[in-house]
Each structure stands twice: as structure tokens, then as C-alpha cells.
Amino acid sequence: MSSAGEHRIAGVGRLTPANPVRFTFDGKAYSGLQGDTIASALIASGVHLVGRSFKYHRPRGILSDGPEEPNALVGVRRDAARATPNVRATVQEIYDGLNAVSQNRWPSLSFDVGAVNDIASPLFSAGFYYKTFMWPKVAWEHVYEPFIRNAAGLGQAPTEPDPDHYAAQYAHCDVLVIGGGVAGLSAALAAAESGARVILCDERAAFGGALRFEAEARLDGKPGYDWAQDAAATLAAMDNVRILSRTTAFGYYAQNFVGLAERVTEHLAAPAADAPRERLWQVRAGRVIIAAGAIERHMVFANNDRPGIMLASAARTFLNHHGVAVGRKVGVYTANDSAYAAAIDLKKAGIDIPAIVDVRDNPQGSAIDEARAFGIRVLTGHAVTGTGGKLRVASMIVEPNKGGAAEIIPVDALIMSAGWTPSVHMFSQSRGKVAWDAATERFLPGTYAQDCVSIGACNGTDRLEESVSEAIAAGESAAKATRKRAKKSKVKIAVEGGGDWTGSMLGAGPNGANGKVIKAFVDFQNDVTAKDIRLAVQEGMHSIEHVKRFTTNGMATDQGKLSNLHGLAIAAEALGREIPKVGLTTFRAPYTPTTFGAIVGHARGELFDPARHTPMHESEVAAGAVFEDVGPWKRAWYYPRAGEDMHAAVNRECRTVREVAGMFDATTLGKIEVVGPDAAEFLNLIYTNPFLKLGVGRLRYGIMCREDGFIYDDGVVGRMAEDRFHVTTTTGGAPRVLQHMEDYLQTEFPHMKVWLTSTTEQWAVIAVQGPKAREIIEPFVEGIDLSNEAFPHMSVREGTFCGVPTRLFRMSFTGETGFEINVPADYGRQVWEKVYERGKSMGMCLYGTETMHVLRAEKGYIIVGQDTDGTVTPYDAGLGWAVGKNKTDFVGIRGLKRPDLVADGRRQLVGLKVKDGKTVLEEGAQIVADPNQPVPMKMIGWVSSSYWSENCGRPIALALVEGGFERMGRTLYVPMPDRAIEVEVTGTVFFDEEGGRING
Amino acid sequence: MRRYSGFALVREAMRGHKGWGQQWSSPEPKKEYDVIIVGAGGHGLATAYYLAKEHGITNIAVLEKGWLGGGNTGRNTTIIRSNYLYDESAGLYDHAVKLWENLSQDLNYNVMYSPRGVMMLAHNVHDVQVFKRHIHANRLNGVDNEWLTPEAAKEYCPPLNISQSARYPVMGAALQRRGGTARHDAVAWGYARAASDRGVHVIQNCEVTGVRRGGNGQVTGVETSRGFIGAKKVGVVAAGHTSVIMEMADVRMPLESFPLQALVSEPVKPCFPCVVMSNTVHAYISQSDKGELVIGAGTDQYTSYSQTGGLHIIQHTLDAICEMFPMFTRMKMLRSWGGIVDVTPDRSPIIAKTPVSGLYVNCGWGTGGFKATPGSGHVFAHTIANDNPHRINTAYTIERFNSGRLIDEAAAAAVAH
Ligand SMILES: Cc1cc2nc3c(=O)[nH]c(=O)nc-3n(C[C@H](O)[C@H](O)[C@H](O)COP(=O)(O)OP(=O)(O)OC[C@H]3O[C@@H](n4cnc5c(N)ncnc54)[C@H](O)[C@@H]3O)c2cc1C
């Protein structure tokens, strides 16, 4: 008929001919109707060949009508940057201008060179690659592996950054219903009417589930599908309900935490620019109702993979929903009654059904009688043992199971059903244990592990009427369980019709006389045949997990939704064991492939691990700072002036600080307020230093070890009051030091009355260092006597600075007279600007972290994490003085006494003087005593810090060297690829060795 | 054992593959063995193989509670490299890499060792310092590892985003060209087949539930779900469950067990040539022969024996992957899973004798033991056979946590200051 495809049947289906949609497939233009998927629209145009299989490159068609599809994967391209591989044609709705391409073929879909693999397929048996490609050795890397890689893979990965964006939302509800078929809708209605807050999701575009193809069912007197639309509309109108279509529940995690992926714009021709492509819902539910339905299985027989061979329910959906006939002469091969219903529907629509081949000897049921009444030839006790055709099925070979002549029946489509597999994926992901139901040959939910319940087809409830009553009961009791004042819902649904189907077949069907090379596919996409599975067992793969991995059965993009049970049955038969004894492989998240972008959500670009800025950041940007990443912070690294490179800028900054003064943003250092009557006692245990006698108003440099006795962090601690300390940590250490303290407080010292509060973000910290530091800050300070006598080095005072409350620290990380001005963070920038204005007029500069590093190295001050690496004790670092001699306990005291920590030959922190006076050593370079020894060399240390020191006029370095304290004055070597650099071991203080400047 | 080769494959192809025998036998347990290995992961199976091959001990059983290779061996992201910092580590991991290079031929099983290069990204000054330290130490230890500028890194791995506007711009990279990947199942199966061929019993579905000791404290065997099995020596190689088994012999291990997750994408045509690791943003990625992007995440924050980790860990990892490779946001996650890793305080393994005579332990490989599989099995076999460690694993004792003589690879890659 129409432009929407010659296989579209007028008056059949639910789509509106008035809404045509144009799209292309492999460059050719097609049209379909609004509501079509790529699959239904292509079939409407008579196109069945849509892809090639993974290994043998066999022509493949459309097998299903939903997310379980293993074959019909296509690439969809909106534009160069919006190209998505491996899109299921049975899920992707068409929109005007959609551009789809086939995959895994070259040069074209109908002529694919890779198909030679099919001819050579006897070689490519399961696991063949483990047995060969070993000779010659180098060939694996250079010949075989690249060849395998190019042959494998499906679509093309995108090559350009994705311009689309993705959204994320957290949600809580009383009841989450997964699946919007008749069971899910009924349960959601019951729960919602009882007063529960409900979220209902379904992965399809429209609600209704099996009612899409189940044309006979009537609910509340309406055709089933119409009832479903009305039910969805009722739910959507309720305040306590959120319903989400095109939304897949993909992962079921601990404590009823479920991940849902919503496809927001994938079906739209022109998505709004601000609309996300997908949205991740992270739902925490009081109870989860799983109503995920069941998936029909294919029959396993020779050449069961030709385009045009598909699941019976898919053919029925294409017909009853899309108004599309899958062929004009449709054969049926089944072990289940449901295929009869499909055949009858097709027959009613005027399609020729040459035969229904039923593998069962004597199937009983109304469907069979009805088919016969329609005049359809029913061959029971027969099997399809092969098919003909090339790019499309052309015939089926039918043989009686008891033996006898084969009959070749021409067909242009073949529909099949081996029965239905309940979708226990979500239940299993919740860590529930499935149980085998021998009577119906299926795994059903057994023991529950979380607060969830399965209903409808996924629970093995076959009859429509029972599904509905089970669903209403589940909805009501979920509401009762999760809501205090749940009322009883008045939901009643009248049910008529609906299939009552039985029959199932697991594993391979009878192969008749056809004993040659048989390809009876179990897993279509990965080209796993029944024979492969038998071979795996033959080779000793007795665990189903081994069978899976050896054959790759169930590891394709459909994750075995069709193949797992067949594979299991074939393996069980080959092993001579019962199916439940062999056991299922684990169901793992995600249920269907889930877009990275959806999982990532907003966390891209600026929002990927958002950068932390200090309150002074903008002023630093204005001053031309170059920034470095330190942990999550952006820190000013150096402040180049016009024409200066990093080296020149740092040299100038270093000189200026020592000659005049410099100002530095120290805000990123961690700060913890430690308060309580036991605060001093607590710090005394946490730090190696003594803290009990530290006077109010005094500062102390403290070292913190882990239990093992190695330096963990350091920082200056100020005593603000008897029971109050201002602790500082390294920038990177802020969170973990707080955690470390909390950990000890809660587990080891729970008797102590101490409270810890992170104040890193509360204080802005401005360091002013240098001979003119006092003069610069003096006019801003009120209430504090700045004189050396009243306010000596290592003290703290409270007062005001620029009229703002301050904790003013007299301390130095440069060896100069220095102050650290703590003011409330909100005032940081104004104070910074004020001090800078005055300082600048007096010759002060701004300096960044690089200059800070150089200046502290000139004084031999360590940086934890650079000059220590978690293997350095306070003694190794030359900081033995900071370990309280009379202390009987602190964290690390026992660790420090371990034999190796007091042994000779430990690596100790020393200075290095480069003999040539000009080479700046590379940080991380290794140190040896004998540069001429052969590799592997005996390394006795490494360079931890190394800089050009403008103030010393030569390079300086700190290093950790075995027995370093004993090697003063000795010559050692730093071997570089081209030469060994000669160095002399020195002390660690390179500038102002007497240390007078600090007290200026 | 039927040898594998291209010729054998062609011959079998012509007769329907009827001639392939079992890759390993599935015998009933005997009453007693000279050596019992607990855990049929790669390390356990390799131990049995080298005991048989190099020490002439063939009366061995490898006991596995589930299916062989089903632990971390079959769950890991298969990154192989040896550019570790300390001499002890370089010795051990490089020993393994040398064995990897000939492993397919040695086992007559294609383990698909693919030295495609492992590149570790430096994102800040601290990373640069740490990587350079590794590169210098590696050079003097004879282990290849080289520094790449961001441009050279991009040339080696074209999908890499080296834009300076990235949240953590790439400042350079350390590349080990001999690093790469191998096929994890093939490693377990290849060792199982080769060990079985030498008479080793690999006994699956056999969980060890107790360790029996004689009057003098000496090990006499193990209780299992299939009854008592006697042994003169017992080697425990049970990864995340090592503490549980050692507890049965009253040995407390310095181990913590954490879930570690990984995931793969759908398969696509070759688009990613090597292995890239970033410690700063926490992500590891490579592409398998099948075409899947293989992505490793970090450990959960809390100890647990549950093999399902949280979604937020996966999220964090994919955030990082998409930040480094912004073209991958449209790719889809196909499968995710977790394994239980056994972590020591210094992140280096324990391969050693224990305080209990006749009991040996090989554990603590944490998040990175696959790469060591051949080397680990090789030196552990030596340790069991001689009741004395091999030169290469002398330092990997349990006592080092008492003495403080740590091999602190974690600290060497310490966090930013
Ligand atoms: C997600 C993930 C990613 C990883 N990525 C890498 C990587 O890229 N590179 C790398 O080098 N390493 C990686 N690792 C680490 C690596 O997998 C392990 O270190 C290594 O495989 C350990 O091997 P194994 O043989 O010791 O342990 P396993 O393979 O776990 O074997 C231990 C065996 O002991 C069995 N067992 C336990 N208890 C008992 C009992 N009571 N009785 C009998 N049997 C028992 C278990 O069932 C198991 O089979 C990763 C690990 C994980 C989980």
C-alpha cells in the first residue's frame, strides 16, 4: 500500500497513516509511521537483512521486537559527533531524518568479505584461538592479534567529543514498580490508590507490555492495550505517582537502591537544545515490585538464523501494533501454544500460513483447535531441521520426529517459539535466589534477599486474571508495608480473554537426518551453536561459567536473554546432569547496555570533580597567576610578569621575599578546630610532639604518624584557649587527617571529651613573609602588640585585621619573619587586596607555591608527600626533636620501635650540593655510590626536592639517602641516561643557617 | 596431552573436533597428597604447575571451592606491567613479565599476552615527581619505563584528551612498552591443563573448611566440603578469602578485603591501542581483543566480602573515563562485576612460610596481582618445595609487618601533598 511500506496492512495496528516519518538505512530512504521502530519500519518495507554476525559474518535479520534483540544492531548518526554504535533497531523509534547504518560488514551489507569466515567456520570452533596463533611467537602481537581485533567488534566507536548532555536525579518512593505491563500497571494503581508514593517505569515507549501483541485480552471491557493507556493516564494524573516510559531499570543494588536510565530525546527529530539525551534516576524504594514480564525463546535448529526468522511474539507485535506483516508466506515452528495465536492473527490478516510445525507429539489446547479451525495445516511431532535461502529465509525443511521423509516448504518468513523465560534479572541482581520449577521448565524467584516482590509473568504467573489479582494484592500490601496510613484501594479490574499457553522446549530441537556440519544457533550475535556448547563440555568445561566463557554464550550485547537457558540445557544434557544441578550463570548489572553518559550525568567538564578556589582566587587571576592542581584545589603556582618565564618569575619572587616581603595564599591548608576539656590530651596522643604544656597563645609545629610510625602529616597547631586548638594540616591531608582523628576518637579514645570541626573553608589565610612583613601589616592590626617581645615567633593572637576578627599567627615557612593572617573566608579577598595595595607600594610581591617550595627547601623544611613517602619516620627526616622524649604513648610510638625502624642504614633526609654548581637535579632521580656498576644498580637513595636557588646562587636539593647522616661530605652520584652527576652530601639548611632572620 | 597447534586445529576441523580431549581431568580427591594448594586461581594453578615442572612434585591437589579461575583471576582487567619502584618489586614483577613473554609456548596454550604498552598519566606536579622517580629507578633496575610529553602520549594513544582546559590536564605520562594485557581465562585454563597433564589433581567444588594440625603443630591436611584430605604441605592462595582460611590455622593475617569493580562496554571496532591508567582520576582502560572497552574502578571504601559494589564507584570511574576520553560518553556499559581483593598495609604481597610448619601462604596481591601470576607461582613453588623462599621473594614475609621492613609501593605513589 502506502509510502509507509508495502507490508503495511490497512486497518490493522495502532499507528496512524497520517503521521509518516522518513528515515534512511545504509543511505537508502524509507518511510514508516510515527510509533514505528527502525525494525518495524524496515519490515514494513520488506527489509529483513539488517546486520552481520560477530564471528562468521552471517547475514542476520530482526529476531525480536524489543530490548532482547541480539541481531539487529545498527549505528545511528545524528551528525558526526552524535554517532552511536550498536543501537537496537527493535528499540530505537524512528524520527524524521533518522540516519541508520548497518555494522560489521565490508564493503556492504549484502556483500560482506568477512563472510569467508562462515566457509572456514569449522576452524573457528569454540575457543579455537586458545589452541593456535602461538607460532612464531612474535606473530601474535603483529599479525594474528591485529587480525582478530579487526574482525571482531561490532559498530564504530564515536571519534568526536559528545556534544549532548545528560541529567541525573535522585528520588525516593514507597513503591517502585519495574515494568508497565498489565501486572505492573495494576500493582501501581493499587499501591497509588492506597496512598503510597509510587514510581512506575517501563523501558518501552508506551505502557502495556504484552498487551501490545495480545489482541484478545479485554480489561474493564476495553481492549487490553487501550486499558493500559487509560491506566497509565490515570496514574500520570495522580500527585503521588511518577511514571516514566522509555526508562530501563538497569541495576538493583543494596538496600533497594535501583538505577533507572531514561531515554529522553533519542526518539525526537529535533530535541530541544537544553533537553538532556538521557537521565539517570537513582531511586531508593521502600519496596520494589518487579513486574518485568517474560521473554520468548527461539527454537534451536540448523540455520535458524536467516533473516526473516523471528520470534512469534515479535511477528505478532509487528502485526497487531504496527500493522506490519512480517511476510506473505509465514511458516511457524513452535513448542509453545503462543505461536498459534500469532499464526491465527496473521491468518486473519490475510497472510498465508503454510504450516505450523509443532515439535510436541500431542499438544492440547484451544489455540491448536482454533488454528485447525482456521484451516491451518498443523504438523505435530515434527521439527524444522533446516532452512533455505541466502539473504532471507526461503524455505523450511520439515521432518517427522519419528523419522520419515523430509518436506521442503517454501516460506518468506518463519516465526518460532520455544516458550517463555521469566525475566528474573532484577530479582537476581537483588541477590535473590532463583528456584527451578521442573513442571514448567523454568527458573522462578525463590528466596528473596531484599524487600521486593515479583508479580506476573516474571513470577511464573501465566494467566492474565491471576496476574491482575496478584498485582493488586502486591500493590496494596506494598502500600501497607511502606505507609503508616495506607488505605485500602478500591481497584478492581475485570478481565476477559488472554492466552492460556503451555509448552516449552529447552536446548536444541531434533536435527532429523541432517547430520553434516550443522549450525543451530544458541547465541546469535556471538555465533555460538549447539555444537560449540557440546564441544566445551567435551573439553572438560563442566561448570556453566566455564561453558559460558569458553563459548562466549550469553556474553553478547543481549547478555543471553534468549540464549542462556538453551545453552544451559544443552550443557546439562551433554554432562548428563539435571539443569538445576548445573546452575545458572550470575545475572549482572546492567540489565541492558547503559550509556556511559547517563551514568556520568552532569559530572563533565567543570562539574567533573569541581575545582576548589580560595576566596582570593579572582584577585590572583587578575594578578596574572598561573595555577597548579593540588588535590582538588587550584593554587597560584607563580605570578609571571610580562616577558617572564616560570624560572624568571620564581627567581624574582624568591629574591623579593628575602629582600623585602612576599604575600602568599595559604588558605588551602587544612584547618581543624579541636575543642573540649580533653583536647590537649587528645593532641598529645595524635602528634609525636608533647602538647600538654603548650601555653595559650603559643604555636607548635606538630608531626603526626600512623600506627606504623611513619610520618602521616604535619602542620602548625595553635592553642587558642585551655580547651581549644587551631590545627592546620597539609592541603591534601585535610580530609584524611580529620578522618584519622575521628577514627581514633571514636574507636581508641572514646572516653575523651573532644569535638572536631573542619574549618578549612571558614578561614582565609594570607601569609606575609619577609623582612618588611611587620611593617606591612602593622597599620591594619588592632588589639595585638606586634613587637617581637610581645608577639614572638610561634605565637598566635586574636584581634582585628582591617576591622575584621582575626587569628594572627606569627610563623614562617620561609625562614623569614612571617605572619599568617586568618580572617573569616568572606573577608579574605578584601583583606588580601588591602594588604597587597600597601605591600606593593613598599616593594612586596605576590608569590606562588613554587616559590614557597624553593624558600622552604632553602631552609630544609620538609613537604610531607614530597620529601616523605610513607616510609619515612620523624627521625629519618631529621625531626627527632619533634618526638616527645618523655611521652609514654602516642599514635605510632610502638611502630617506631620496630626493629627495622631503628636499624642502621635507614634512608635519611640530607642536602645535596651539585659539584658543578649549576646542574639542577631531576626530582625523583636515584642516587648511587658507584656510578660504574652494572645494571641492576644498587640504589642508595633518591632526590626528593630540587631547585635552582636564586638566593644561594646555586642549585639545592634534598634527598633521602641510606645512612645519610653518616655520609656528610661524601661524594655520591646521580646517574642520568647520558652521564652521572657528582654530588656532595650536606646538611639540609642552605640559607641563613643560624636562623636569625625568623626572629626579626 | 593432545598438543595444540594450527595443524591440529585444521585436522580436527575436518573431523568435527571429535578428537579434543578434556583440557583437565576432574578426578575424585585422593586420601592424601604431598602438597595441597587451596584456591584454583591463576596463582594457585601456576604454583602447582611449577611444582610439577621444576621441582618434580606431582602428587598435588589444587582445591577450589567454586570453578577454577572463577575468583579474581577471571574478574580482573588484566593489566600487566613491571615498572614498580622498589628493587624487590621490580625483581618480582619483572620476573613475571619475562615468564609472560614465553608463557603461551611454555603452556602450549595461547594466553594472548599482548604487550601493547601501559601508559600512566601524570596530572599534577606531584604525579610528575613520582613517575620520574619510578622511571629513574626502573632504568637502573633494567626495567623499561619512559617519560612521554603530553604530545607524545597523544601520539601513542590518539583518543587521549590532552587539552589544557581539561579538569586535570595531562602533564605527561610514563610508558612501559612491554606492559600490556593477557586473556585471563586462558591463563587459568592453560595452567590447569598443563598442571593436570603433569598429574596434578584440580578438584573443583571443594571448599576448604578447616586446617588440621598434628601434635607438633605441623599441618596434616585440610577439612573440605568433600571430606578430610591429608597433606604434608599446604599452600594457601585464596586472594580475598585468605584471612578466612588462615584463621582456621590460627594465623592472623595483616589483610583487609575490599570489593573492587570493573566493567566492559559493548564491543566496537578497534579504537583504543594500549592500556591507559590514571591514578589521580582513578581509572584504567584498555580494549579487549573482542572489542570491549575494559575499565577498572577503585575499591569500595569499606571492607566487605560482597562481590557487588556500589553504583557510585562505577559512576566515579566513568566520570573520569569520559573526562579523559570525551568521545566515549555515547558508549554503553555492557556488564559490571566485582571481586574481593586482599590488601596488605604496604600494598605488596606476602609469599612466604608461616608460623605453622608445613603451611605456606601467597596473598595480598590486592588490586594488582594478575600481572604477577607466572612469577608468583614460580617463586611460591620454590618456597614450598624447598621450605625456603626463592631469592626473589625473600623480602615478602609476614614478619615484615612486625619488623617494619615494608615494601611500600602504595606510599611510593602517595597522595598529593
Ligand atoms: C575488578 C578487578 C580488577 C583487577 N585488575 C587487575 C589488573 O588490571 N592487573 C592486575 O595485575 N591485577 C588485577 N586485579 C587483581 C588480580 O585479579 C588478583 O590479584 C589476582 O588475580 C589474584 O589471583 P589469585 O589466583 O591469587 O586469586 P583468585 O583468582 O581469586 O583465586 C583464589 C581462589 O581461591 C578460591 N577459594 C577461596 N576460598 C576457598 C576455600 N575456602 N576453599 C577452596 N578454595 C577457595 C576462590 O574461589 C578462588 O578461585 C584485579 C582484581 C579485580 C577484582
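Which domains does the domain assignment give for chain B? The assignment, automatic or from a database, gives domain 1 (28-78 + 184-254 + 346-403) and domain 2 (115-179 + 256-343). Both domains of chain B give residues to the shell around the ligand, so the ligand lies between them.

This is a predicted model: local features need pLDDT of at least 70, side-chain atom pairs count only at pLDDT 80 or more, and totals for chains, interfaces and linings use all residues. Residues are numbered from 1 along each chain as its sequence is written, and side-chain values use heavy atoms, without hydrogens and water.

**Ligand shell**
- The ligand is surrounded by 36 residues (a heavy atom within 4 Å).
- The closest are B:Glu64, B:Asn72, B:Thr73, B:Thr77 and B:Lys371.

**Polar contacts with the ligand**
- Polar contacts are pairs of N or O atoms within 3.5 Å.
- A backbone N or O atom of B:Lys371 is 2.8 Å from a ligand oxygen atom.
- For B:Gly369, a backbone N or O atom lies 2.9 Å from an oxygen atom of the ligand.
- The protein covers 96% of the 1,000 Å² of accessible area that the ligand has on its own (Shrake-Rupley method, 1.4 Å probe).

**Domain pair in chain B**
- The centres of domain 1 and domain 2 of chain B, over C-alpha atoms, are 30 Å apart.
- Contact (heavy atoms within 4.5 Å) takes 16 residues from domain 1 of chain B and 17 residues from domain 2 of chain B.

Key: Chains lettered and ligands numbered in written order. Polar contact = N/O pair within 3.5 Å; in protein donor to acceptor, adjacent residues only side chain to side chain.
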